[in-house]
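Please read this briefing alongside the model below.

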Amino acid sequence: MEFTIKTASPAKLKTGLLVLGAFAGGKLPALTAAADGATEGRIAHLIKRGDLDDKAGATLLIPELAGVHAERVLLVSLGKDDEFGDRAYRDALGAAAKALAAGPAKDAVVALADVELPGRDAAWRLQQAARIVADGAYRFDALKSDKDKKAAKKERGAKKLTLLLSGELGAELDTAVLQGHAIATGMALAKDLGNLPGNLCTPTHLADTAEALARQYKFEIEVLERADIEKLGMGSFLSVARGTHQPPKFIVMHYKAGKAKAKPIVLVGKGITFDSGGISLKPGAEMDEMKFDMCGAASVLGTFKAVAQMGLPINLVGLIPATENMPGGAATKPGDVVTSMSGQTIEVLNTDAEGRLVLCDALTYAERFKPECVIDVATLTGACVVALGKIPSGLLANDDELAAELIRRGTESGDRAWQLPLWDEYQDLLKSNFADMGNIGGRYAGTITAACFLARFTKAYKWAHLDIAGTAWLSGEAKGATGRPVPLLAAFLIARASAA
Ligand code: BES
Ligand code: MN
Ligand code: ZN
């Protein structure tokens, strides 16, 4: 997809589709009013007649509209004028994106980013517009047979997008659009990896993808094999990899575009390419969705792609412990005691609490980079979905400033996170009679006890944990990876880059 920003009279633009916003009740933003003028009030008339629903994101396609040069016009409701905020704006963009992706127009002009939004500048509006429109065009048809694939592709969808403004243009607006597009590109990679099933998206595939990315964007990468991982003493990570025939991989990525002496930010992604539960086998229902258990890793790779494409001047390290979690003759058994890289011993009371077992060694490994901060991303607990549903990611941190910063960037990007307490009192729940700790904390507060477990390995630096069990994918009819939390991480890193 190709984006340009323009200031022009909307009625005069030759395009396949012109997308205009309108408020419930008929108030028209500047560019829509201009188009309305050129059509002798046809747009206002249609709205007054009730043809466009009030709800933000409702649409009305006008196949031909005398007075405008566009082949078609799409009116998008912005909802009530006095309720117009981030959410209504995103709903409007989402609806436009859907129409753009499915419709016959090859190119389109979108005027929505020109609409004033309380507390948001043009750069923010453009970044969101570029991201949501580009993301709306995402499809996963790699595994459909050729015939279906051709039918699905059938040359639908706009490829050239013009974002229309009435104000002045400037370099920072171009940057905003590039960023929005880069974030969507990163999300697409995260979604592709998430959607790819466990038989194809193996630890080796994750490593190959990371290597291809490093080649494309010229950053450094190391892929540690089983023998290297053994040498490091990652007994906890390796205990998860015992039941599978797939070789484990520990992926280490170095993106160095910041000052030579600037401490890196480290991102750690859980890379369980299929979570059967191991010997503590999961029940059968929806077990297929455990192919998404590497979405933390996918989001780290997606964020690297976005960051590299944006060329952010920061130092970033990415760590991905990747393995399957399978039962088998050699698999770790409930009650087994393993020794982590940190030296702390762990009684594996439940082999299905494997995410923390792979993450803890990666978090210990992170120490060597003397990081500015560490953020891990993991589909860690079903309890997080129970607590927060599928709206925000769970956030726990050993540093309240870092947590507040992430919550802010979540709100800003529309990829929100919500904090849960990481109080010491919960640590008691991890007590083991046979080792330094157990790997589960019992029935209550499962998301918090999982984070408490990780906290025992993150004492050397500022650390935040994102539990994306609820946000990384959708179930049911819309089953598929979401690309979250790439937007949140990208927003965080963009802000850190401009602060530096
Ligand atoms: N990958 C799962 C978490 C998960 C489950 C995410 C369902 C999304 C939907 C994780 O490895 C896991 O199995 N966690 C257990 C922990 C429990 C054994 C303490 C869980 O949440 O049930
Ligand atoms: Mn599990
Ligand atoms: Zn898991």
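Predicted model: local features only at pLDDT ≥ 70, side-chain atom pairs only at ≥ 80, totals over all residues.

**Metal site**

- The manganese ion (ligand 2) is coordinated at 2.1 to 2.2 Å by Asp 275 (OD), by Asp 352 through both O and OD, and by Glu 354 (OE).
- Along the chain, the donors of the manganese ion (ligand 2) follow the spacing D-x76-D-x1-E, and the angles among its six donor atoms run from 71 to 168 degrees, leaving the site irregular.
- Asp 275 bridges the manganese ion (ligand 2) and the zinc ion (ligand 3), and these two ions lie 3.2 Å apart.

- Because Tyr 89 lies in helix α3 (residues 86-102) and Trp 124 in helix α4 (residues 122-136), the pair ties together parts that are 35 residues apart in sequence; both Tyr 89 and Trp 124 are buried.
- Phe 292 and Trp 473 form a stacked pair, 5.1 Å centre to centre with 15 degrees between the planes; Phe 292 is buried at a relative accessible area of 1%, and Trp 473 counts as buried at 6%.
- Tyr 89 and Trp 124 also belong to one aromatic cluster with Phe 23 and Phe 84.

**Charges over rings**

- The charged end of Arg 120 sits over the ring of Trp 124, 4.5 Å from its centre, while Lys 390 lies over the face of Trp 473, at 5.5 Å from the ring centre.

Key:
Residues numbered from 1 in each chain as written. Chains lettered and ligands numbered in written order. Heavy atoms only, no water. Donors = N, O, S within 2.8 Å, 3.2 Å for Na, K, Ca; no water. Tetrahedral: all angles 85-135°; square planar, octahedral: opposite > 155°, others 65-115°. Helix = DSSP H or I, 4+ residues; strand = E, 2+ residues; numbered from the N terminus. Buried < 20%, exposed > 50% of the residue type's maximum accessible area, 1.4 Å probe, protein only. Phe/Tyr/Trp six-rings, centres within 6.5 Å; stacked < 30°, edge-to-face > 60°. Lys NZ or Arg CZ within 6 Å of the ring centre and 35° of its normal.
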